[in-house]
Amino acid sequence: MTLIPKSHPRAKSLLIREKLVSGFENGLVAKEGLLAQGRGEAFDYLLGEKTGRTARKAIKAAAAQILLADFPVISVNGNIAALCPREIVTLAKTVNAKIEVNLFYTDEKRKQNIVKTLKKNGTKEILGVNNSSKATLRGIDSARRIIDKNGILSADVVVVPLEDGDRTMALRKAGKIVITFDLNPFSRTSQTANITIVDNVIRAIDLLIDSCKKISKKNRSALQKIVKDFDNKRNLSENIIEIKNNLSRRAQFA
Ligand code: ATP
Ligand code: MG
């Protein structure tokens with residue numbers, strides 16, 4: 001691992017990159033996952049690498065929606081296992097959600113490495129690994145449609161951080177309420193999900209855990225109101241305006 005001095009102007013971003021690179025070297029992250037991170041970084045730059053107002057709104061709605069769920073499942077891929085395995089386990093424990101390993105580029109060895117990482121971070125039960133409980137999600141090609149009968153197939157609410165658009169659409173078609181973290185407000189995932197948190201997952205996941213704790217005492221109708229008052233399309237538009245304003249501030253002669 002390269003040593004990044006704290007004083008480096010891009011230290012935080014480089015540290016996140018390092019997590020991905022060690023995740024790749026340790027067999028958690030796919031090559032394509034490194035590219036996905038790059039696309040995310042570009043959008044993070046446009047956001048000013050901070051959690052904006054629209055992301056905070058989406059986080060609160062997501063917390064309410066997860067607390068309202070009968071059967072919430074968090075889907076974990078290689079990038080998530082490399083970036084924030086401990087936080088995923090904490091979130092699952094906080095809201096009593098199940099964790100399912102669900103890879104875009106299927107690879108048994110990589111899946112086992114992800115399972116090991118999650119276990120090391122304190123979870124016992126991990127779905128998506130047992131051949132006897134395989135089920136399929138309709139509407140996407142064969143390798144990418146495997147889900148767990150006892151996990152995503154049975155879930156009412158699925159949290160799919162850094163997901164691909166095809167799968168998000170298939171999950172919506174299957175009647176799931178989809179929550180995602182995606183730095184790109186224009187991606188198909190962002191546009192298709194019920195609740196899109198446009199923020200770096202590494203910043204937003206702790207805020208989501210805090211928000212779940214904070215509003216967990218509210219009654220169902222108060223939680224339902226938070227969800228009802230949230231409009232994803234509107235929030236994404238506001239996010240794009242946030243980016244535009246951020247860029248205008250930086251364009252000195254605009
Ligand atoms: P879509 O398939 O939804 O249209 P895409 O094909 O552009 O999106 P994918 O590789 O399928 O991109 O999905 C990965 C998504 O994850 C990208 O939109 C990327 O911006 C986002 N992303 C990457 N790293 C992070 C991160 N650390 N936090 C949040 N989002 C991220
Ligand atoms: Mg995609």
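The questions and answers below concern the strands, helices and aromatic rings of a predicted model.

Q: Which residue in β5 stands opposite Val73?
A: Strand β1 covers residues 72-76 and strand β5 covers residues 157-159. The two pair in the parallel sense over 3 bridges. Opposite Val73 stands Val158.

Q: Are α5 and α9 roughly parallel or roughly antiparallel to each other?
A: Helix α9 spans residues 201-215, and its axis comes within 10 Å of the axis of α5. The axes cross at roughly 15°, and the crossing is left-handed. Angles under 35 degrees count as roughly parallel. The two helices are therefore roughly parallel.

Q: How many nonpolar, polar and charged residues does the contact of α5 with α9 have?
A: On the α5 side, the contact includes Ile88, Leu91 and Val95, and on the α9 side it includes Ile205, Leu208 and Ile209. Charged residues also take part, among them Glu87 of α5 and Asp206 and Lys213 of α9. By class, the contact has 7 nonpolar, 2 polar and 3 charged residues.

Q: Why is the pair of Phe43 and Phe186 described by the word it gets, and what is that word?
A: The count comes to 1 aromatic pair. It links distant parts of the chain, 143 residues apart: Phe43 is in helix α2 (residues 31-47), and Phe186 is in the loop between β6 (177-181) and α8 (188-192). The ring centres are 6.3 Å apart and the planes are at 50°, so the pair is tilted.

Q: Is α3 roughly parallel or roughly antiparallel to α11?
A: Helix α3 (residues 53-68) and helix α11 (residues 232-250) have axes that come within 8 Å and cross at roughly 155°. Angles over 145 degrees count as roughly antiparallel. That makes α3, relative to α11, roughly antiparallel.

Q: How do the residues of the contact of α3 with α11 divide into nonpolar, polar and charged?
A: Helix α3 contributes Arg53, Thr54, Lys57 and Ala58. Helix α11 contributes Asn235, Glu238, Asn239 and Glu242. They divide into 1 nonpolar, 3 polar and 4 charged.

Methods
Residues are numbered from 1 along each chain as its sequence is written. Chains are lettered from A and ligands numbered from 1 in the order in which they are written. This is a predicted model: local features need pLDDT of at least 70, side-chain atom pairs count only at pLDDT 80 or more; totals for chains, interfaces and linings use all residues. Side-chain values use heavy atoms; hydrogens and water are left out. Two strands pair if DSSP finds at least two bridges between them. Helices (H or I, at least four residues) and strands (E, at least two) are DSSP runs, numbered from the N terminus. Axes are lines fitted to C-alpha atoms, for helices over the stretch in contact, and angles run from 0 to 180 degrees between N-to-C directions. Angles under 35 degrees count as roughly parallel, over 145 as roughly antiparallel, 65 to 115 as roughly perpendicular and the rest as oblique. A crossing is left-handed if the near helix is turned anticlockwise from the far one by less than a right angle, and right-handed if clockwise. Contact means heavy atoms within 4.5 Å. Rings of Phe, Tyr and Trp (its six-membered ring) pair if their centres lie within 6.5 Å; planes under 30 degrees apart count as stacked, over 60 as edge-to-face and the rest as tilted.
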